[in-house]
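User: I'm new to reading protein models and I'd like to go through one with you. Could you show me how to go from the general idea to the case at hand?

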Amino acid sequence: MHRRPYTLPFAGLTGYEYGGVKYIVIPVAYDSTASFYPGAREGPIRVLRASEELELYDPKLGITPAEAGIATINDPELPLGEPEEAIRAVEDICHQVMSEKRIPILLGGEHTIAVGGVAAAKRVYGRITAVFFDAHLDLRDSYRGSRYSHACTARRALEHADRLIIVGCREASYDEFDYARKEEKVTVIWRWDILESLSPLAEELSRVKGAVYISFDLDALDPSVLPCVGCPSPDGLSFREAEEALSTVVSRCHVVAADFTELSCMLSHASCSMTVAKLVYRFIGMLEYYSSAEGR
Ligand SMILES: [Mn+2]
């Protein structure tokens, strides 16, 4: 006998035939290497539950993003203690979705799942730029004995990405800082670089060619906006800054996949899952808004 509860659909959207949808939400209830607050595996279900309360019309964008078709697949069963296998499973699912020219939106779960997403994007699109939003550089080669720790996410993603832009960062070990400075493929746009304007990000993106994968570690946001993350860090992005930064990427680049990770439920706060649901839905709205404007 095999029992697995079916996941909730994002924004309560049911009734879509998988064949007709453009956006595939993939809940990834994976956490295995949390070093501060655990609980990220509860993140996806909380976001999906909150997303049922979203208004489907987005008055800021003036569109109904749901009309493009958003389907949610059942969360994959992942080997929690086997990070490499779990990442490979995420890669396989993303590869399938992207091979069908659909856009996977991963809901984490631990940030490490981004490695699977970036690897799949590389396989499908050939050249890939990863744009990471993160309070941390995550460029350690290994952390507490694991090369697949959440603290190594960007370093592992670099094994697949042609370029990596890390945005909103404000925490790093000296070794990571030094590595980022020396590694030609990496550009860091520190939190203090974008306090006044997002032009350093826009300028960097003007040099990007080919497909872009966005990884949004939710600790990029300020803890006053989103306290419930695995590894909070002060002086983060406001919700509006995050929106504008995402819009800066989406309006300039061909975004092929994204993840939103590290919502932790240990510090559960009623507004947190709704904040994430809203950010994800607005992001899908931006993709839709700019793709219809440019006929992508
Ligand atoms: Mn982080």
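User: Which residues touch the most other members of the largest nonpolar core?

Analyst: Some ground rules come before that. This is a predicted model, where local features need pLDDT of at least 70, side-chain atom pairs count only at pLDDT 80 or more, and totals for chains, interfaces and linings use all residues. Residues are numbered from 1 along each chain as its sequence is written.

Now the general idea: a residue is buried if 20 or more other C-beta atoms lie within 10 Å of its own, exposed if 12 or fewer, and partly exposed in between, with C-beta atoms placed from the backbone. A nonpolar core is a set of buried Ala, Val, Leu, Ile, Met, Phe, Trp, Tyr and Cys residues joined through C-beta atoms within 7 Å. Here the largest core has 97 residues, and Ile105, Val118, Ile166 and Val280 touch the most other members. Helix 8 (residues 270–294) gives the largest share of this core, 11 residues. By the way, helices (H or I, at least four residues) and strands (E, at least two) are DSSP runs, numbered from the N terminus.

User: What is Val280 in contact with, leaving aside its neighbours within four places in sequence?

Analyst: Two residues are in contact if their C-beta atoms, placed from the backbone, lie within 7 Å. For Val280, the partners are Val47, Ile105 and Phe260, once neighbours within four places in sequence are left aside.

User: Let's zoom out. How many helices and strands does the protein chain have?

Analyst: Eight helices and eight strands. As for overall size, the radius of gyration is taken over C-alpha atoms, and the globule rule is 2.2 Å times the number of residues to the power 0.38. For 296 residues, a compact globule would come out near 19 Å, and the protein chain has 17 Å, which agrees. Of those 296 residues, 52% count as buried.

User: In what order do the strands sit in the sheet?

Analyst: Two strands pair if DSSP finds at least two bridges between them. In this model, an open sheet of eight strands has the order 2-1-3-8-7-4-5-6, with parallel pairing. Strand 2 and strand 6 are the edge strands, each pairing on one side only.

User: Is strand 5 enclosed by the rest of the structure or exposed, and why?

Analyst: Count its buried residues: seven of the seven in strand 5 (residues 163–169) are buried, so this strand is largely enclosed by the rest of the structure. Strand 4 (residues 128–133) runs parallel to strand 5 and is joined to it by five bridges; Phe133, for instance, has Val167 as its bridge partner. Strand 6 (residues 186–190) also pairs with strand 5 in the parallel sense, over five bridges, including one between Ile165 and Thr187.

User: Which way does the chain cross from strand 5 to strand 6?

Analyst: A crossover is right-handed if, with the strands pointing away from the viewer, the path from the first strand over the helix to the second runs clockwise. Here the chain goes from strand 5 through helix 5 (residues 174–182) to strand 6, and this β-α-β crossover is right-handed. Arg181 is found in helix 5, and with 9 C-beta neighbours inside 10 Å, Arg181 counts as exposed.

User: What about helix 1: how many of its residues are buried?

Analyst: Seven of the nine, so helix 1 is largely enclosed by the rest of the structure. Among the buried ones are Gly43, Pro44 and Val47.

User: Where are Arg144 and Asp235 found?

Analyst: Arg144 is in the loop between strand 4 and helix 4 (153–157), and its phi is near 50°, a positive value in a residue other than glycine. With 10 C-beta neighbours inside 10 Å, Arg144 counts as exposed. Asp235 lies in the loop between strand 7 and helix 7 (239–252) and has a positive phi of about 60° although it is not a glycine. Asp235 is partly exposed, with 13 other C-beta atoms within 10 Å.
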